[in-house]
Amino acid sequence: MNPTGFTQPFVRTALFAAIAFASLSAVAGVTDQDISDSGKRTDQIVVNGLNQQGQRYSTLDTLNTDNVKELRPVWALSFGGEKQRGQQAQPMIKDGVMYVTASYSRVFAADARTGKKLWQYDARLPDGIMPCCDVINRGVALYGDLVIFGTLDAKLVALNKDTGKVVWKKTVADYKEGYSISAAPLVAKGKLITGVAGGEFGVVGKIEAYDPSNGELLWTRPTVEGHMGYVYKDGKPVENGISGGAPGKTWPGDLWKTGGAAPWLGGFYDPSTDSLLFGTGNPSPWNSHLRPGDNLFSSSRLALNPEDGSIKWHFQTTPHDGWDYDGVNELVSFDYQDGGKTIKAAATADRNGFFYVLDRTSGKFIRGFPFVDKITWAKGLDKDGRPIYDDAHRPGAPGDEKKGTSVFVAPSFLGGKNWMPMAYSQDTGLFYVPSNEWGMDMWNEGVAYKKGAAYLGAGFTIKPLNEDYIGVLRAIDPKTGKEVWRYKNYAPLWGGVLATKGNLVFTGNPEGFLMAFDARSGKKLYEFNTGSGVIASPVTWEMDGEQYVTVVSGWGGAVPLWGGEVAKRIKDLDQGGMIWTFKLPKDLVAKH
């Protein structure tokens, strides 16, 4: 007897239909094709950096130098509450919904047409989190029906895109040791890739791949020489792990065991070389006299095989780093012509003040040049891109004293450029680099590793180099090293940049303004006061035939945490937490 009253064929048909519907639901949302097409699609933003290479370039030109002055805000959404710390997220947009992270590991979904909040997720953070440089978060990854992000207690959390409910949660590292995650995860070739933060606590940096559907660990790649990487099968490491070099080869004694080199900014995927391109942070401790040697793979750029995490090549921007010149700044892929030949290049503007152009197929140094006005720690770069040190500007060893000799160093440890991503225009061939002119008095101190405690062995005081500005937005030609134009800003620049086919460059400043510049001349064409400092990355996209621009506003991040003379320039800036979205009135859109 059939208690349901339905015939078996009907049951089978209904079952098959349900399975088919479930399969359709499973592939709904962001697909691998969406990610591959991210540089071409203007109706959505599904990767950090707008395209896979992280160029932060849009092919949209409805908004251009002629009409940008008419750009108007159409909606704003407050993150609410008292958690108004630094807001550094890049928004994502898919099918009319915007996904944004906020300070204290929160995620918001909003209607991209109206700004109406659809759902909010707040991570339950423990009291003992130890973020180095404010409680920021830089964004989500979208894949399938999931919205995935990292938390300040070093977890990956996958949320349902429609409800914000947790689908899975995975602990990546122990926050009690100083680990955290602040970067947006990356999806490449169906894998979810993340780095970790925590270099100031003597952690061991690592890059890992997870199954985005369930959080299962697929491979792990420590970024300190001497630590073994592994591929996982059925939850267990494969016996012949991926070598990370001999322990202690470029590190003295056991210091490689607490070597830092945290890849805290995340990375990008370059399809043309099938490589993950990541940067690594400073070696631990800061006191370089305790760890003679190059200290691989700290302060470096790495190309990794996405299948198993093995390192294809590395390029170390600051060997034996003694100034906290993390090498995490984005490595942006681009092609250019040289003598009729296409060069597959990648560029990075380093904290140490030098701009590097590398061959992204091999990591070989092509050229490098200063992009800031003052560099004291090095006299230049040799033919292989290795710095020529000025030993008079390395802080002295403490010896029997509690403090070593103090020296003046430029740039400061916050860098000629820090985390804030530059943009590359496919039209002008220029990079638009947010930079800062500052130096520091720096000295070394004795220090011993203690789990979960700051592991520096150094002190510092940051100083502006000029009375009337710290921040400089620069247009730089990567083929010649020429600075084409600059815009000076009184406070430090700490937000990302966007370039568009409309010959526009967008960025924000701590004074609260979203600004637009002529990409070729540098003339400021537009500004709008958002009410709080802009230290996030603007984006632009198309919806219902109209071009929109969105930026997150909310002052904070590392700059206001360090005091010194720089603090005097920013002491009156207000915190905040808002999403601002703009567009042109329809009747003002120029026809072309």
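Helices and strands are runs assigned by DSSP, a helix having at least four residues and a strand at least two, and they are numbered from the N terminus. The exercises below concern a predicted model.

**Exercise 1. Overall form**

Task: State how many helices and strands the protein has, and decide whether its radius of gyration agrees or disagrees with that of a compact globule.

Solution. 
Step 1. The protein contains three helices and 40 strands.
Step 2. For 592 residues, a compact globule would have a radius of gyration near 25 Å. The protein has 24 Å, and therefore the value agrees with the rule.
Step 3. Along the principal axes, the C-alpha atoms fill a box of roughly 90 × 60 × 55 Å.
Step 4. Of the 592 residues, 61% are buried.
Step 5. Consider the contacts between residues at least 6 apart in sequence: 60% of them join residues at least 24 apart.

**Exercise 2. The disulfide**

Task: Identify which residues form a disulfide, and classify Cys132 as buried, partly exposed or exposed.

Solution. 
Step 1. A disulfide is a covalent bond between the sulfur atoms of two cysteines.
Step 2. The partners are Cys132 and Cys133, with their sulfur atoms 2.0 Å apart.
Step 3. Buried means under 20% relative accessible area, exposed means over 50%, and partly exposed lies in between.
Step 4. Cys132 has a relative accessible area of 32%, so Cys132 is partly exposed. Cys133 has 26%, so Cys133 is partly exposed.

**Exercise 3. The enclosed cavities**

Task: State how many cavities of 30 Å³ or more the structure has, and describe the linings of the largest cavity and the second largest cavity.

Solution. 
Step 1. The search of the whole structure finds four cavities of 30 Å³ or more.
Step 2. The largest cavity has a volume of about 200 Å³. Among its 23 lining residues, Asn48, Arg56, Leu265, Phe268 and Glu330 lie nearest the centre.
Step 3. The elements giving two or more residues to this lining are β17 (267-270) and β18 (275-279). The largest share, three residues, comes from β18.
Step 4. The lining of the largest cavity comprises 11 nonpolar, eight polar and four charged residues.
Step 5. The second largest cavity holds about 120 Å³ of space. Its lining has 14 residues, and Val47, Asn48, Pro185, Leu186 and Val187 are the closest to its centre.
Step 6. At least two residues of this lining come from each of β7 (141-143), β11 (186-188) and β17.
Step 7. The second largest cavity is lined by 11 nonpolar residues, three polar residues and no charged residues.

**Exercise 4. Two individual residues**

Task: Locate Ser537 and Thr500, and determine whether Ser537 and Thr500 are buried or exposed.

Solution. 
Step 1. Ser537 is located in the loop between β37 (524-529) and β38 (539-543).
Step 2. The relative accessible area of Ser537 is 2%, so Ser537 is buried.
Step 3. Apart from residues up to four places away in sequence, Ser537 touches Arg56, Ala89, Gln90, Pro91, Trp419, Pro421, Gly496, Thr550 and Val551.
Step 4. Thr500 belongs to strand β34 (residues 498-500).
Step 5. Thr500 has a relative accessible area of 2%, so Thr500 is buried.
Step 6. Beyond its neighbours within four places in sequence, Thr500 contacts Tyr57, Ser58, Leu60, Leu63, Asp427, Phe506 and Thr540.

How values were computed:
Residues are numbered from 1 along each chain as its sequence is written. This is a predicted model: local features need pLDDT of at least 70, side-chain atom pairs count only at pLDDT 80 or more; totals for chains, interfaces and linings use all residues. Side-chain values use heavy atoms; hydrogens and water are left out. Buried means under 20% relative accessible area, exposed over 50%, partly exposed in between (1.4 Å probe, protein chains only). Contact means heavy atoms within 4.5 Å. On a 1 Å grid over the protein atoms alone, a cavity is a set of points where a 1.4 Å probe fits but cannot get out, and a pocket is an open set with protein on both sides within 12 Å along at least five of seven lines; lining residues have an atom within 4 Å of a point. Grid points are joined across faces, edges and corners, and a volume is the space filled by probe spheres set on the points. Ala, Val, Leu, Ile, Met, Phe, Trp, Tyr, Cys and Pro count as nonpolar, Asp, Glu, Lys and Arg as charged, and the others, Gly among them, as polar. A disulfide is a pair of cysteine sulfur atoms within 2.5 Å. The radius of gyration is taken over C-alpha atoms; the globule rule is 2.2 Å times the number of residues to the power 0.38.
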